[in-house]
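Subject: The model we talked about

Hi there,

Here is the structure I promised to pass on. Please open it alongside this note, and I will walk you through what turned up.

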Amino acid sequence: MAVANSLAGVLHGVRQIECTINGLGERAGNTSLEEVVMALKTRQDFFGLEVGIDTTQIVPTSKLVANITGFPVQPNKAVVGANAFAHASAFTRTGC
């Protein structure tokens with residue numbers, strides 16, 4: 001919900017979002033930096049904004065935070081988790 005709320009805010013003029021890396025602080029209502037940044041970057045045509053974040057540094061930063069804090073990233077964490085892009089989904093067409 002935090003990501004959706006943040007993106008809705010952006011659509012209505014918000015220009016600063018309080019974010020977390022690796023989920024640290026999410027219980028305070030802060031949203032996932034990597035999820036918001038990648039949504040804004042991949043749908044720049046929709047949001048009409050350019051984010052000044054070097055997205056190639058998101059994963060290395062996540063790894064650095066994990067090493068410093070001793071809290072590993074969950075394998076299924078969007079964008080930075082080890083399994084983030086390791087799954088597939090099937091589309092079945094029925095009743096057409």
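A word on terms before the details: two residues are in contact when heavy atoms of each lie within 4.5 Å. Helices (H or I, at least four residues) and strands (E, at least two) are DSSP runs, numbered from the N terminus.

This is a predicted model, so local features need pLDDT of at least 70 and side-chain atom pairs count only at pLDDT 80 or more, while totals for chains, interfaces and linings use all residues. Residues are numbered from 1 along each chain as its sequence is written, and side-chain values use heavy atoms, with hydrogens and water left out.

**The overall layout**

The chain has four helices and two strands, in the order α-β-β-α-α-α from the N terminus on. Of its 96 residues, 25% are buried; buried means under 20% relative accessible area, exposed over 50%, and partly exposed in between (1.4 Å probe, protein chains only). Among contacts with a separation of 6 or more, 47% are between residues 24 or more positions apart.

**Where α1 meets α2**

Helix α1 (residues 2-11) packs against helix α2 (residues 33-42) at an angle of about 45°, and their axes are 10 Å apart. Axes here are lines fitted to C-alpha atoms, for helices over the stretch in contact, and angles run from 0 to 180 degrees between N-to-C directions. The two helices are therefore oblique to each other; angles under 35 degrees count as roughly parallel, over 145 as roughly antiparallel, 65 to 115 as roughly perpendicular and the rest as oblique.

Which residues of α1 and α2 meet? On the α1 side they are Val3, Ser6, Leu7 and Val10, and on the α2 side Glu35, Val36, Ala39 and Leu40. By class, this contact has six nonpolar, one polar and one charged residues. For that count, Ala, Val, Leu, Ile, Met, Phe, Trp, Tyr, Cys and Pro are nonpolar, Asp, Glu, Lys and Arg are charged, and the others, Gly among them, are polar.

Ser6, in helix α1, is buried, with a relative accessible area of 13%. Not counting residues up to four places away in sequence, Ser6 touches Ile17, Thr31 and Val36.

**The core**

The largest nonpolar core has seven residues: Val3, Leu7, Val10, Val36, Ala39, Leu40 and Phe47. Such a core is a set of buried Ala, Val, Leu, Ile, Met, Phe, Trp, Tyr and Cys residues joined through side-chain atoms within 4.5 Å. Leu40 is in contact with Leu7, Val10, Phe47, Leu49 and Val51, leaving aside its neighbours within four places in sequence.

The buried residues of α2 are Leu33, Glu34, Val36, Val37, Ala39 and Leu40. They pack against α1, β1 (19-20), β2 (31-32), α3 (44-47) and α4 (58-69).

**Two links across the sequence**

Lys77, in the segment after α4, is buried, with a relative accessible area of 10%.

Val59, in helix α4, is partly exposed, with a relative accessible area of 33%. Val59 and Val80 are 21 residues apart in sequence and 5.5 Å apart in space, C-alpha to C-alpha.

Best wishes
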